[in-house]
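Let's take a walk through this model together, looking at how its side chains pair up. Keep the viewer open as you read.

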Amino acid sequence: MPHALQRLPLLLLLATTLLLTACPARQEVSDSAAPASDTRSQPAASQAAAAVIPASAPITAAVSLVDLKTLPAGVKLPGKLLQAWHWTDADGEQWLLRSHSKRNYTFEEMDATESLLHVAQFRVKDGKMERLWLLQDGVKDCPFDSVARFYPDGVSITDLDQDGVHEVTMAYHTTCTSDVSPQDMKVILREREGKWGLRGSTWLPDEAMQGKTPPPVPQAAACPPGTDLSKMDPQHWHTGCYQSEQDFASAPPAFLQHAKARWRAALLASAPGGQPDLSAVDEGED
């Protein structure tokens, strides 16, 4: 009996390794801009109001939420339209839209799901609507639960460098999982054609803590050198971290400061007992 008890941890470790190896790898959609020709439209939904998370540089007073029923022609996105903003800056009249799409289908003889987030900025140029950029990110070909959601107050519109041109910052998480693993988290900042991002993982979900007292929410920080976000690492799983600040090496310092503030706000939302995200809205549910 003592020998059997000594072998139990080893058997559990082997069983966990086999289970992880057997799980199909998820296919993720990049947060890079999609081709400009991708301008499919779907029926608009009711406007959704975002919850508020304390963070630096909130949406400026010059930016206003727009009734989705009043959008001009040429301003459209795939999926269920969630929110729209309008402002005028040094580059002229600007529009920003965000939406979510989800579908079920068969992939390689298995039931699969796809969850995608869509965000696009448009501007009026020479009397015509022109799309500046399109972000499409999420999960495809997922045989488990697929999730792609913005955090509360997950879109901020600012003029951090005070150049008269507004930046757009988006904080969201995506995953394809059958357990309570952390999720991929990103904070993406756009200004004109420029793009900067923090990419990493969320806090360990509440269900996985199993009654343990969680550590305090950390300041936004890069993962320790050598951290492999694809492997089980309780240290970064408990607190969340991003892989690198390299994107911001040549950006105005205020951009990284704001991105880190948005990252920590997202950590606060995903921490045990944190504020709920916009799941009912961003999953496309009525």
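A disulfide here is a pair of cysteine sulfur atoms within 2.5 Å. Before applying that, please note that this is a predicted model, in which local features need pLDDT of at least 70, side-chain atom pairs count only at pLDDT 80 or more, and totals for chains, interfaces and linings use all residues. Residues are numbered from 1 along each chain as its sequence is written, and side-chain values use heavy atoms, with hydrogens and water left out.

Searching the whole structure turns up two disulfides. One of them joins Cys-223 and Cys-241, whose sulfur atoms are 2.0 Å apart. The torsion about this S-S bond is about 90°, so the disulfide of Cys-223 and Cys-241 is right-handed. It links distant parts of the chain: Cys-223 sits in the loop between β10 (194-201) and α2 (234-239), while Cys-241 belongs to strand β11, 18 residues apart. Helices (H or I, at least four residues) and strands (E, at least two) are DSSP runs, numbered from the N terminus. Cys-223 counts as buried at 12% relative accessibility, and Cys-241 is buried too, at 4%. Buried means under 20% relative accessible area, exposed over 50%, and partly exposed in between, with a 1.4 Å probe and protein chains only.

The other bond is formed by Cys-142 and Cys-176, with sulfur atoms 2.0 Å apart. Their link is right-handed, with 90° about the S-S bond. Cys-142 lies in strand β6 (residues 128-142) and Cys-176 in strand β8, so this pair ties together parts that are 34 residues apart in sequence. Counting bonded cysteines along the chain, the disulfides follow the pattern 1-2, 3-4.

Now for the rings. Rings of Phe, Tyr and Trp (its six-membered ring) pair if their centres lie within 6.5 Å; planes under 30 degrees apart count as stacked, over 60 as edge-to-face and the rest as tilted. The structure holds three aromatic pairs. Among them, Phe-150 and Tyr-172 have ring centres 6.2 Å apart and planes at 70°, so they meet edge-to-face. Because Phe-150 lies in strand β7 (residues 145-158) and Tyr-172 in strand β8 (residues 167-177), the pair ties together parts 22 residues apart in sequence. Both Phe-150 and Tyr-172 are buried.

Tyr-242 and Trp-263 form another edge-to-face pair, with ring centres 5.3 Å apart and planes at 80°. Here Tyr-242 in strand β11 (residues 241-242) is linked with Trp-263 in helix α3 (residues 253-270), 21 residues apart.
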